[in-house]
Amino acid sequence: MAKTLKDFTAEEVAQHNKEGDLWIIIDTKVYDLSRFADLHPGGSNVLFAEGIAGQDSTETFFGLHRHEVLLRPQYARLQIGTIAGEEESIKAPVPGAISQVPYGEPTWLADGFKTPYYTDNHRAYHKAVRTLMQTVVEPEALQCEANGKRISQAVVDKLCENNFVAMRLGPGKHLKGLTLMGGVTKPEEFDYFHELILNGEIARFGTRGFLDGLLNGDVIGLPPILNYGSPEIQAKVVPEVLTGKKYIALAITEAFAGSDVSGLQTTAVRDGDYWVITGTKKWITNGTFADYFTTGCKTDTGFTVILIERGEGVSTKSIKTAYSSAAGTAYVTFDKVRVPVGNTLGKVGNGMSVILTNFNHERWMITASSLASQRLIVEECLKWVTQRKVFGKPLNSQAVIRYKLAKMISRVEACQNWVESITYQMNNMSYSDMSSKLAGPIGFLKQFVSKCGRETAEDATMVFGGRALTTTGMGKLVENYHRTSGYDAILGGTEDILSDLGVRQAMKKMPKDARL
């Protein structure tokens with residue numbers, strides 16, 4: 001039964017300003033803190049400070065707490081009424097709504113701005129995706145990021161009802177006959193801008209470990225099966241993964257060989273109709289809960305990719321990293337695992353081609369989510385400097401703070417425009433053209449976006465000060481981003497390697513007659 005709220009005047013509230021009888025006003029809402037005072041995390045004395053007890057404490061509250069605190073049931077029930085004739089200005093967020101904070105959204109979502117890339121269908125898709133993420137995924141993201149557990153099957157099932165995994169693989173034949181986001185977008189309409197939207201929306205929670213745990217292994221582990229697996233393997237594995245019944249991980253990296261794939265020591269030896277596979281893999285995203293491993297192996301005829309199902313001889317151990325174990329980062333051991341030869345993906349010895357065909361998409365995907373995470377931090381900073389008061393003035397009155405904001409905004413807008421330009425090329429190129437023409441540009445793009453992100457993480461930390469060092473409270477998103485933004489600089493290829501790749505690709509295409 002809903003509690004009846006009463007109307008009060010500010011004068012009435014002011015009479016309740018002592019121990020055992022304490023009311024305050026926050027954004028026209030009246031709260032009775034009489035019994036809560038001794039439970040206040042900051043101590044009861046804080047509540048009796050000048051300008052708080054019996055007073056409008058809106059400015060003080062938002063200088064210390066996030067709005068979400070007021071929405072929690074244990075605090076919302078402390079409200080006893082409202083100030084008569086006044087209306088709250090800071091309302092609870094509406095699922096699917098677009099932020100009105102300048103630069104809090106990409107330009108194409110801002111009122112009055114035009115776009116050459118996005119259509120009304122993209123807008124409808126964006127609203128549907130954001131609503132789903134905020135209502136279904138965000139509560140799970142916050143919980144899993146904190147407790148380190150993998151995403152629940154109930155949430156996976158809800159996502160797969162909307163064909164979440166299939167959409168994260170991008171446009172293609174795998175979407176044929178599927179209903180995407182309840183029919184908002186048809187499979188034949190779905191393009192890389194739809195996928196860009198999806199990759200951005202899953203990154204807006206400030207939960208970097210959970211983001212990688214959100215079936216990222218499917219995105220990088222399933223394409224080799226779609227492109228190179230036998231019809232029998234595809235018929236078995238693809239439906240299991242797309243419906244969320246089974247999970248898959250890409251197992252390439254080893255302690256002995258990171259980017260140097262030629263140095264892999266996991267071996268596959270032929271024994272009749274089976275491969276006998278022995279070796280280890282390290283830093284495998286989603287490895288702790290994967291049912292399948294798309295695995296790079298060394299054979300007599302060279303590097304080969306083989307699909308290994310979890311079973312006898314396969315074991316995984318969680319690796320403690322700087323971000324949440326919800327990502328499922330694992331050390332994987334294969335101890336004389338017998339795998340049918342039919343699980344070979346592509347030709348024996350041709351494993352490099354199998355893996356390389358997916359690198360562009362993986363790197364672009366990382367860039368898309370990295371960009372969205374960076375923009376979220378820009379929005380957090382713009383909100384904070386407006387509500388935080390120092391020396392009697394908003395923090396944004398300081399020129400040094402405005403300069404940091406200028407750098408953040410410039411970086412994220414540059415990243416956004418480059419990402420959209422590359423995405424447009426992807427939409428208008430064949431898969432073979434993308435492989436030959438975009439490897440270098442996407443390499444440059446990824447290292448640029450991730451480097452910009454880490455610079456923004458540093459600036460944001462200075463803007464939030466000590467609050468940026470705590471995992472809860474006002475600066476919690478900045479703390480998480482500062483601690484984890486380096487993952488974008490490493491996963492899928494480090495900044496240095498991708499920079500070099502971009503230059504080497506350019507050198508190959510230098511015209512022979514080019515002279516100064």
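This talk goes through the pockets, the salt bridges and the cysteines of one structure. Please keep in mind that the model is a predicted one.

The largest pocket has a volume of about 1600 Å³. Its lining is made of 44 residues, and those nearest the pocket centre are Arg66, His67, Glu68, Pro93 and Lys383. Which element gives the most to the lining of the largest pocket? That is α13, with eight residues. By residue type, the lining of the largest pocket splits into 21 nonpolar, 15 charged and eight polar residues.

Now the second largest pocket, which holds about 1200 Å³ of space. Here too the lining counts 44 residues, and Thr253, Phe359, Leu491, Gly492 and Gly493 lie nearest the centre. At least two lining residues come from each of α9 (208-213), α10 (216-221), β8 (274-284), α13, α18 (486-490) and α19 (495-508). Again α13 gives the most, this time with eleven residues. The lining of the second largest pocket divides into 20 nonpolar, 16 polar and eight charged residues.

So much for the pockets; next, the salt bridges. How many salt bridges does the structure hold? The count is 28.

The side chain of Glu68 meets that of Arg72 in a salt bridge, at 3.8 Å from N to O. Are these two residues buried, exposed or partly exposed? Glu68 has 30% relative accessibility and so counts as partly exposed. Arg72, at 35%, counts as partly exposed as well.

Glu68 also forms a salt bridge with Lys476, with an N to O distance of 2.6 Å. Because Glu68 lies in helix α3 and Lys476 in helix α17, this pair ties together parts that are 408 residues apart in sequence. Salt bridges with shared partners join Arg66, Glu68, Arg72, Glu380 and Lys476 into one network.

Elsewhere, Glu240 and Lys246 form another salt bridge, and their closest N and O atoms are 3.8 Å apart. Lys246 has a relative accessibility of 23%, so this lysine counts as partly exposed; the cut-off for buried is under 20%.

Last, the cysteines. A disulfide is a covalent bond between the sulfur atoms of two cysteines. How many disulfides does a search of the whole structure find? The search finds zero. Take Cys160, which is in no disulfide: the nearest cysteine sulfur belongs to Cys144 and is 15 Å away. Why is Cys160 not in a disulfide? The sulfur of Cys144, the nearest, is 15 Å away, whereas a disulfide needs the two sulfur atoms within 2.5 Å, so Cys160 has no partner. Cys160 is buried, with a relative accessible area of 10%. Cys297 is buried too, and its relative accessible area is 0%.

To go back over the main points: α13 gives the most to the lining of the largest pocket and also to that of the second largest pocket. Glu68 pairs with Arg72 and with Lys476.

Key: Residues are numbered from 1 along each chain as its sequence is written. This is a predicted model: local features need pLDDT of at least 70, side-chain atom pairs count only at pLDDT 80 or more; totals for chains, interfaces and linings use all residues. Side-chain values use heavy atoms; hydrogens and water are left out. On a 1 Å grid over the protein atoms alone, a cavity is a set of points where a 1.4 Å probe fits but cannot get out, and a pocket is an open set with protein on both sides within 12 Å along at least five of seven lines; lining residues have an atom within 4 Å of a point. Grid points are joined across faces, edges and corners, and a volume is the space filled by probe spheres set on the points. Helices (H or I, at least four residues) and strands (E, at least two) are DSSP runs, numbered from the N terminus. Ala, Val, Leu, Ile, Met, Phe, Trp, Tyr, Cys and Pro count as nonpolar, Asp, Glu, Lys and Arg as charged, and the others, Gly among them, as polar. A salt bridge is a side-chain nitrogen of Lys or Arg within 4 Å of a carboxyl oxygen of Asp or Glu. Buried means under 20% relative accessible area, exposed over 50%, partly exposed in between (1.4 Å probe, protein chains only).
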